[in-house]
Amino acid sequence: MGGYLARTHLVYGEWLRREGRRREAREQLRTAHELLSGMGAEAFAERAARELRATGEHPRKRAAQPTDALTAHELHIARLVATGATSREVGAQLFLSPRTIEAHLRSIFRKLGITSRRQLKELALPDWAGRG
């Protein structure tokens, strides 16, 4: 749902800019850029950044998130585990062995600097990978 809202801000901001309503456009595009960057939708975030620059404003760079170090596959596994699914359940869903899931979890824990599934649940994982 958040992706639709962010893209709505983007499209509305683009329209406002084309109508010559730069101040209003900046507000919409700034919101779109922050939301899209925060959820990892880099292509749309860059589009919002280009539009912001066209209004004369320079968007702020998104601070690096710990989850940026994860691959899309690891992020997907982390999200499933964060919902409380066991390694066996995640493995069955992804057609991988529980042992492979455990190996991915060790890598995920190392990259995020955590040691337990409970800590994984407490992290704010992006809604979707949106990479590329």
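Mentor: Let us begin with a definition: helices are DSSP runs of H or I with at least four residues, numbered from the N terminus. Please also keep in mind that this is a predicted model.

Trainee: How many helices and strands does the protein chain have under that definition?

Mentor: The protein chain has seven helices and zero strands. From the N terminus on, its elements run α-α-α-α-α-α-α.

Trainee: Why are Tyr12 and Trp15 said to be separated by about one helical turn?

Mentor: Tyr12 and Trp15 are three residues apart in helix H1, which means a separation of about one turn. An α-helix has 3.6 residues a turn, so residues three or four places apart point the same way.

Trainee: How do you know that the length of H1 is close to the expected value?

Mentor: Helix H1 covers residues 2-18, which is 17 residues, and reaches 25 Å from its first C-alpha to its last. At 1.5 Å a residue, 24 Å is expected, and the computed reach is close to that.

Trainee: What places the buried residues of H1 on the same side?

Mentor: The buried residues of H1 are Gly3, Ala6, His9, Leu10, Gly13, Glu14 and Leu16. They cover an arc of only 165 degrees around the axis, and therefore lie on the same side of H1. The face turned away from that buried side carries the exposed residues Tyr4 and Arg18. What covers the buried residues includes helix H2 (22-38) and helix H3 (42-54). Just after H1, Gly20 takes a positive phi of about 85 degrees.

Trainee: Why is Glu57 called buried?

Mentor: Its relative accessible area is 19%, and the cut-off is under 20%, so Glu57 qualifies. Glu57 lies in the loop between H3 and H4. Leaving aside neighbours within four places in sequence, Glu57 is in contact with Arg26, Arg30 and Leu52.

Trainee: What makes up the largest nonpolar core?

Mentor: That core has 17 residues, and those with the most contacts inside it are Val90, Leu105, Ile108 and Leu120. Helix H4 (72-82) and helix H6 (98-112) each supply at least two of its residues. The largest share, six residues, comes from H4. Apart from it lies another core, of 12 residues, among them Ala6, Leu29, Met39 and Ala48.

Trainee: With which residues is Val90 in contact, leaving aside its neighbours within four places in sequence?

Mentor: Val90 is in contact with Ile77, Leu80, Val81, Ala85 and Ile101.

Trainee: How do you know that the span of H6 agrees with expectation?

Mentor: H6 has 15 residues, which should span 21 Å at 1.5 Å a residue; the end C-alpha atoms are 21 Å apart, so the two values agree. In H6, Ile101, Leu105, Ser107, Ile108, Phe109 and Leu112 are buried. These buried residues pack against H4, helix H5 (87-94) and H7. Just after H6, Gly113 takes a positive phi of about 70 degrees.

Trainee: Why is Leu123 called partly exposed?

Mentor: Its relative accessible area is 30%; the value lies between the 20% and 50% cut-offs, so the label applies. Leu123 is found in the segment after helix H7 (117-122). Leaving aside neighbours within four places in sequence, Leu123 is in contact with Leu112 and Ile114.

Methods
Residues numbered from 1 in each chain as written. Predicted model: local features only at pLDDT ≥ 70, side-chain atom pairs only at ≥ 80, totals over all residues. Heavy atoms only, no water. Core = buried A, V, L, I, M, F, W, Y, C linked by side-chain atoms within 4.5 Å. Buried < 20%, exposed > 50% of the residue type's maximum accessible area, 1.4 Å probe, protein only. Contact = heavy atoms within 4.5 Å. Expected span 1.5 Å × (residues − 1). Arc of directions from axis to C-beta.
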